Amino acid sequence: MHQSRFARNILLGIENLLMHKLRSFLTMLGVVFGVGSVVAMLAVGEGASREAMKQIEKLGSNNIIINSIKSIEEESTSTQHSHMSVYGLTYMDYQRINESFPNVRKSAPAKLIRKESRVDARTLELRIVGTTQEWFELVPRPVLAGKIFGKSEVQNLAPVVVLTEFGARKLLATKNSIGQNIRIGGDSFEVIGIIKSEAAQAGSIQIPDQQIDAYIPISTVKKYFGDVFFKRTSGSFTLEQIELHQIIVQTDDIANVESTAAGIERMLKDFHKKTDYEISVPLALLKQAEATKRRNNIVLGSIASISLLVGGIGIMNIMLASVTERTREIGIRRAIGARRSQIITQFLIEAVVLSTLGGIVGMAVGIGIPYIITYFSEMTTVVTLSSILLPMIISIAIGIIFGLYPAVNAAKVDPIIALRHE
Amino acid sequence: MSIVKFENIHKYYQMGSEKVRALDGISVSFDKGSFWAIMGHSGSGKSTMMNILGCLDRPTSGQYFLEDKDVSILDDNSLSDIRLKYIGFVFQSFNLMPHLSVQKNIELPLYYLGWEADKSEERARELACKVGLGERLNHKPAELSGGQMQRVAVARSLAASPHIILADEPTGNLDSVTGEQIMHLLAELNDEGTTIIMVTHEPDIANYAKNRLHMKDGKVEKIE
């Protein structure tokens, strides 16, 4: 029975609102745009951050990436004369990381060398990635043909290469690719597999693999190409000796990533005189991206909330006018025996019905707009459940907050005066 | 047995610097089933008397017993409940809800009593027939004549089966013929046992009542 009374109250509210269709509609419009813009803005913000997250997740959120860099001191001393500069990560570093950190589950060393490759008349500059089989576990990419190299190839210094889809297409063209030999530098390597590569694109975040990669066992690379490289800087050649260009470390748990990274940094500091390495932690980037996302959502949300506020003020305005207009009705209801609280309920329900209907329509608008944005700008937009529910709850709350004052005003009407009111 | 009893009721209003004694020590009692006319010129205090009788207003001092219950000390919610259950109002200007049908207007008190929809529909139909408007249930007040509107008001005042009907100049906006019809209707209700208290300044109309109370300057002038 109580339930039906509530339903009747709502019906009564709707009936009263329908008496002034245009007025109710216009009032509702304020909430529609308010809720619509909040939902749409949150969708755009969410989309942008999802995009960033996806990029970061490709790096592996359990991973730590250590790169060799030329330290600043080295940079300044080596410019004039062609002398050999020795810097970067070493085989020993790799070994120590594996041995001294219990939280390290897997790690892959990498030598990264640019070399010209050739098949018949076709040439392509490749980035040689000399690594171990662990690389393919840390940077998992689908194998399109053949196989990737394993432990035995690494141990046997096998002259084999795994190409990316891009490299294979450029170099091998239509030929049956697996089993082909390609020349890299002066040596011949057998293509044993082709894998897919992530198209590295955009932004500050770098994915470990590139389209022009050619994966070769690290022992083979060391044997054929050594640790010393020519580097052309402003017209003159310099010699550089770098043992490892990169080490990718995977920890056993996401909770240990940051402590392990800090531990590795401390250890490297002990063994390196210069800071010729750089540690990047995708998880830290991820956290940063999350913080940015939160900040963006708050900014976007609060800008859009202003329009919700304006919608609420519209409701309050119209309800105040309605109370004045219906003074006599209120007087009659009070004389008949309506309590003050029942008058408050009646007007409050009208305001809430108005704002909730506005909220529902606004929600539809807010879900629709992101589709239009995505269609025209190719921007990713994501409408989440909470980005719909939050404005809905807010619009109901707005009905209550902005309807309360007019409703209380209505209940204050003195029936004796109201009944004389013409 | 008295249904309404005033004991030394005073009602003062502050009008600027002046204190208006709208009711100045009224002590009367009306019996159950009686039909009273309260008469007097404007400013005699009869409207104030009506407001207090109808629990729309509270006396400044004195006691008001409604069926032996002191209602002069009750709070706003309790007074609302008493209006709902004990009192039916009939006004000079009908005071119907213009946007509601005859049916819905009659049902209004039942809505606040929390009646179920089908039961109150039934009751409204019954009452509309009683006042001779059984055919007009779906009409809006604007489509009715003055007499018909007042009939709707009477039907509405009866909906909650009140103990008293308070009629404030019920024929004031009606021509004499329809006014007479309304008075017949009220007299009929009185015959059925409903206590009726009516305010009027027309002696012809007051003659329908069994008792008359004349007021002057906030005091009872005479009772007949």
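This briefing covers a helix pair and the domains of chain A, then a sheet in chain B. The model is predicted: local features need pLDDT of at least 70, side-chain atom pairs count only at pLDDT 80 or more, and totals for chains, interfaces and linings use all residues. Residues are numbered from 1 along each chain as its sequence is written, and chains are lettered from A and ligands numbered from 1 in the order in which they are written.

**Helix pair in chain A**
- Helix 2 (residues 21-58) and helix 10 (residues 282-325) of chain A have axes that come within 8 Å and cross at roughly 175 degrees.
- Helices here are DSSP runs of H or I with at least four residues, strands are runs of E with at least two, and both are numbered from the N terminus.
- Axes are lines fitted to C-alpha atoms, for helices over the stretch in contact, and angles run from 0 to 180 degrees between N-to-C directions.
- Helix 2 and helix 10 of chain A are therefore roughly antiparallel (over 145 degrees).
- Their contact has 19 nonpolar, 13 polar and two charged residues; Asp, Glu, Lys and Arg count as charged, Ala, Val, Leu, Ile, Met, Phe, Trp, Tyr, Cys and Pro as nonpolar, and the others, Gly among them, as polar.

**Domains of chain A**
- Domain 1 spans 2-56 + 288-420 and domain 2 spans 70-275, with bounds from an automatic or database domain assignment.
- The centres of these two domains, taken over C-alpha atoms, are 58 Å apart.

**Sheet in chain B**
- Six strands form an open sheet in the order 7-8-9-4-10-11, with mixed pairing; strands pair if DSSP finds at least two bridges between them.
- Strand 7 (87-90) and strand 11 (219-223) of chain B are the edges, each pairing on one side only.
- Strand 4 (residues 35-39) and strand 9 (residues 195-200) of chain B run parallel, joined by five bridges.
- B:Met39 has B:Thr200 of strand 9 as its bridge partner.

Note on methods
Angles under 35 degrees count as roughly parallel, over 145 as roughly antiparallel, 65 to 115 as roughly perpendicular and the rest as oblique.
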